[in-house]
Amino acid sequence: CAGNPIMAIEYTFGGGATAATVTGLPAGITAATTGNMVTISGTPTANFTYTLTTVGGCTPVVLTGTVAVANGIVPVFTQQAPVCTGTAVNLPTTSTNGITGSWQQTALTTTNATYEFTPDAGQCAVTTTMIVALNPIPVVTATPASESFCSGGTTAIQLSSTVPGAQFTWTASAANSTGFSASNGGSSTINQTLTLNAGATEADEITYTITATVNGCSSEPIVVVVTINPSPDVIITPDDITICNGATTDIPLTSSVT
């Protein structure tokens, strides 16, 4: 396999031969003689044919051999779909053509991550890379960040995202008001007329929890609180007083709203 050392090739000689010469070896391949054994080893870069010739003895013996260098198999993988920034990427450790190995992240930018696959030893396979696209996680902003108005007023909350094309969803809750509702997307404005329940004399808060989603990536939720204030009334007791000429009025004024 290209890039890997060959298994050592060993020849022994005898019959009066005192040595052996090897020709045709390319760069990276060597022949070493120890006693009556010749060992050919190294890492070739291409196919080659060599010739071994004995020295001494009655008649030289000539042998040839060929080493074929196979290009490594390229592991094939299904392309990983884009993921949200910060999401763990779990790539398969076995390719679709049966090569096993492991992945390591080699580069990271704001838009993609590069992974390199290293095959396990003994498979005559080469490394390969995969670039995984990263979708940014949006950040949602509400303008204004809070509101306060009298019962019967209408919200005017504009929503925006750092990533274009975001869909906004929100939930809403309150203890003593009506007119609010949740949304599962499609609007970038919260326009809702909010009214305190009948008889309410204290302010109430409507809590909106808002999230932006784009390309399957969702923002951290933000909270907008809208305060609904009751409209005050005036209570006069009594509401019909008769006094003498020159006397001073003493009319008590109260309200059910603090």
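The dialogue below takes up disulfides, backbone geometry, a side chain and a surface patch.

Analyst: Please note that this is a predicted model, in which local features need pLDDT of at least 70 and side-chain atom pairs count only at pLDDT 80 or more, while totals for chains, interfaces and linings use all residues. Residues are numbered from 1 along each chain as its sequence is written, and side-chain values use heavy atoms, with hydrogens and water left out.

User: How many disulfides are there by the rule used here?

Analyst: A disulfide is a pair of cysteine sulfur atoms within 2.5 Å. By this rule the count comes to 2 disulfides. Cys1 is joined to Cys124, with an S to S distance of 2.4 Å. The second pair is Cys84 and Cys217, with 2.1 Å from S to S.

User: Which parts of the chain does the pair Cys84 and Cys217 link?

Analyst: Strands (E, at least two residues) and helices (H or I, at least four) are DSSP runs, numbered from the N terminus. Cys84 belongs to strand E7 (residues 83–84) and Cys217 to strand E19 (residues 217–218), so named by the DSSP runs. These are distant parts of the chain, 133 residues apart. The torsion about the S-S bond of Cys84 and Cys217 is about -105°, and the disulfide is therefore left-handed.

User: What is the hand of the link between Cys1 and Cys124?

Analyst: The link of Cys1 and Cys124 is right-handed, with 95° about the S-S bond. This pair also links distant parts of the chain, 123 residues apart. Cys1 lies in the segment before strand E1 (9–12), and Cys124 in the loop between strand E9 (112–119) and strand E10 (128–135). With bonded cysteines counted along the chain, the disulfides follow the pattern 1-3, 2-4.

User: Are Cys84 and Cys217 buried or exposed?

Analyst: Buried means under 20% relative accessible area, exposed means over 50%, and partly exposed lies in between (1.4 Å probe, protein chains only). Cys84 counts as buried because its relative accessibility is 17%, and Cys217 is buried at 0%.

User: Which peptide bond is cis at Pro144, and where does Pro144 lie?

Analyst: Most residues other than glycine have a negative phi, and most peptide bonds are trans. Here the peptide bond from Thr143 to Pro144 is cis, with omega near -5°. Pro144 is placed in the loop between strand E11 (140–143) and strand E12 (146–150). Another cis peptide bond joins Thr237 and Pro238, where omega is about -10°. Pro238 lies in the loop between E21 and strand E22 (253–254).

User: What is the phi of Asn215?

Analyst: Phi of Asn215 is near 55°, a positive value in a residue other than glycine. Asn215 is found in the loop between E18 and E19, and it is exposed because its relative accessible area is 55%. Cys124 likewise has a positive phi, near 50°.

User: Which backbone nitrogens does the side chain of Asp204 reach?

Analyst: A polar contact is a pair of N or O atoms within 3.5 Å; within protein, one must be able to donate a hydrogen and the other to accept it, and residues adjacent in sequence count only if both atoms are side-chain atoms. The side chain of Asp204 reaches the backbone nitrogen of Asn176 at 2.6 Å. A polar atom of that side chain lies 3.5 Å from the backbone nitrogen of Ala175. Asp204 is placed in strand E18 (residues 204–214) and counts as buried, since its relative accessibility is 8%.

User: Which residues form the nonpolar patch on the surface?

Analyst: Patches are made of residues with over 30% relative accessible area and no salt bridge; like charges are joined within 9 Å, and nonpolar side chains (Val, Leu, Ile, Met, Phe, Trp, Tyr) within 5 Å. A salt bridge is a side-chain nitrogen of Lys or Arg within 4 Å of a carboxyl oxygen of Asp or Glu. Accessible areas come from the Shrake-Rupley method with a 1.4 Å probe; for residues, only the protein chains shown count as cover. Val234, Ile236, Ile241, Ile243, Ile251 and Leu253 form the patch, with about 550 Å² of accessible area together. Val234 is found in the loop between strand E20 (222–229) and strand E21 (235–236), and it counts as exposed at 60% relative accessibility.
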